[in-house]
Amino acid sequence: MKIPLVTRREFARVVGTAAAAAVAAPDLFGAPQHAKRSDALPAGTIQIDSNENPYGPTPKAIEAITQSEHVASRYPDRMEQRIAEALAQYHKVEPENVALGCGSTEILRASDAAFLAPGNHVLTAEPTFEAVLAFARVLHANTRKVPLTADHRFDLPRLAAACTPETGLVYICNPNNPTGTIVTRDELAVFFQKVPASTTILLDEAYFHFVEDPSYASAMEWFGKVPNLVMARTFSKVYGMAGMRLGYAVGPKEKIAAMRPHLLWSNANAAVLPAALASLNDADNVSHNRDLLNGTRRWLSQELAKDGRRVIPSQANFVMIDVGGDVGPIIETFRARGILVGRKFPSLENWLRVSMGTRPEMETFLAALRSIVPAQTASAA
């Protein structure tokens, strides 16, 4: 059975409302769901709810998108091969170690399909990005979760101890969405030694480029040394192409080969592929976007500290803020003011996830926060 693809930002909502959508089938012929969030939004709406990059693609990528018009009528197979080769060169691996996805969400779906047999389960933390768990449920696989540590990080010792012969896949998001926290190089090294070889380790590095903590390490550091390790990356975040949909996996050729049958044919489009190639060749733009967004995050965190608010220290392009009570009504109040903020996470019901927008957008958000949740109210809760 094929699993329908949705964007990362819509995934949790779509899975939770699938039955209702089936009943209300006539709505499928109306405006697409993403239009309700972006295209149909009132002018001036601030969108800081989905961990996107407000600065968009590099100018070189935009030029590549524009020049792709002459190949729009052709399937992108040759260009897919070219970008796979470029990514292999970028990571110093072979093309057979790389698989492309329609966003990294497809990579997560293919990992579930490839590595979860009947009776297996996927193991991860709570909370983290939900796609792997939701796809597993569609596949009728079991799901198991381990709470985060007291400082909101993946508890790798508990995850390793929870692995059994039935654990087909263990998923780690590093930095973690929604908390922005990391697990360190040393913690990963120990974890890799303790996880059984029969369990595939899927390490999602969607927010890799924003990390500044020197104790962090990418999964690529262990390429060729840990045969059950697969890394997922995306062009949605620092590269600013969330709407273009391109992600990829890097792993041992056996793992990548197991995933390929579960990936759509021609799953990348003729515009995003040359844009991705241009982005890979524009390292200055990566550091520019990282500095802009991390600088805004540091400024916002400092302002929140002045208010006496609790914030989870983040190494990503978003931050979580304790609002002192149920975040649901607060999200709706922001929406009424034309500011879209992150969704509610059941295990962190008092915490508001806010993506980094431009500095003026975040100044507007901060003023609204101080009005909606006065600092003394948040501090007293």
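Trainee: So two strands pair if DSSP finds at least two bridges between them. How many bridges join E9 to strand E10?

Mentor: Two bridges join them, and the strands run antiparallel, with E10 covering residues 318-322. The labels come from DSSP runs numbered from the N terminus: helices are H or I with at least four residues, strands are E with at least two. Before you go on, this is a predicted model, where local features need pLDDT of at least 70, side-chain atom pairs count only at pLDDT 80 or more, and totals for chains, interfaces and linings use all residues. Residues are numbered from 1 along each chain as its sequence is written, and side-chain values use heavy atoms, with hydrogens and water left out.

Trainee: Got it. What is the bridge partner of Ile-312 in E10?

Mentor: Met-320 is the partner of Ile-312 there.

Trainee: And which order do the three strands of that sheet take?

Mentor: The order is E9-E10-E12, in an open sheet with antiparallel pairing. E9 (311-312) and E12 (351-355) are the edge strands, each pairing on one side only.

Trainee: Which helix lies across E9 and E10?

Mentor: That's H12, residues 283-306, and H12 runs at about 10° to E10. For angles like this, axes are lines fitted to C-alpha atoms, for helices over the stretch in contact, and the values run from 0 to 180 degrees between N-to-C directions. Contact means heavy atoms within 4.5 Å.

Trainee: OK, the other sheet. What's the order of its seven strands?

Mentor: You'd read E2-E8-E7-E6-E5-E3-E4, an open sheet with mixed pairing. From one strand to the next, the twist averages 25°.

Trainee: In which sense do E3 and E5 pair?

Mentor: Parallel, over three bridges, with E3 at residues 121-126 and E5 at 167-173. Val-122 has Leu-169 in E5 as its bridge partner.

Trainee: Which strands does H5 touch?

Mentor: H5 (residues 77-91) packs on the sheet and touches E2, E7 (229-234) and E8 (247-250), with its direction at about 125° to that of E2. H9 (residues 185-194) packs on the sheet as well, touching E5, E6 (200-204) and E7, and its direction makes about 160° with that of E6.

Trainee: Switching topic. Which residues touch the most other members of the largest nonpolar core?

Mentor: Phe-191, Phe-334 and Phe-365 do, out of 104 residues in that core. Such a core is a set of buried Ala, Val, Leu, Ile, Met, Phe, Trp, Tyr and Cys residues joined through side-chain atoms within 4.5 Å. Buried means under 20% relative accessible area, exposed over 50%, partly exposed in between (1.4 Å probe, protein chains only).

Trainee: What does Phe-334 touch?

Mentor: Leaving out residues up to four places away in sequence, Phe-334 touches Ile-339, Val-341, Leu-352, Phe-365, Ala-368, Leu-369 and Ile-372. There's also a second, separate core of five residues, including Ile-312 and Met-320.

Trainee: Which residues do ring pairs link into a cluster?

Mentor: Phe-191, Phe-192 and Trp-222.

Trainee: Backbone now. Is the peptide bond from Glu-126 to Pro-127 cis or trans?

Mentor: Cis, with omega near 0°. Pro-127 sits in the loop between E3 and H7 (131-138). The bond from Asn-174 to Pro-175 is cis too, with omega near 0°, and Pro-175 lies in the loop between E5 and H9.

Trainee: What about the phi of Asn-51?

Mentor: Asn-51 has a positive phi of about 60° although it is not a glycine. Asn-51 is in the loop between E1 (46-48) and H4 (59-67), and is buried at a relative accessible area of 1%.

Note on methods. Phe/Tyr/Trp six-rings, centres within 6.5 Å; stacked < 30°, edge-to-face > 60°.
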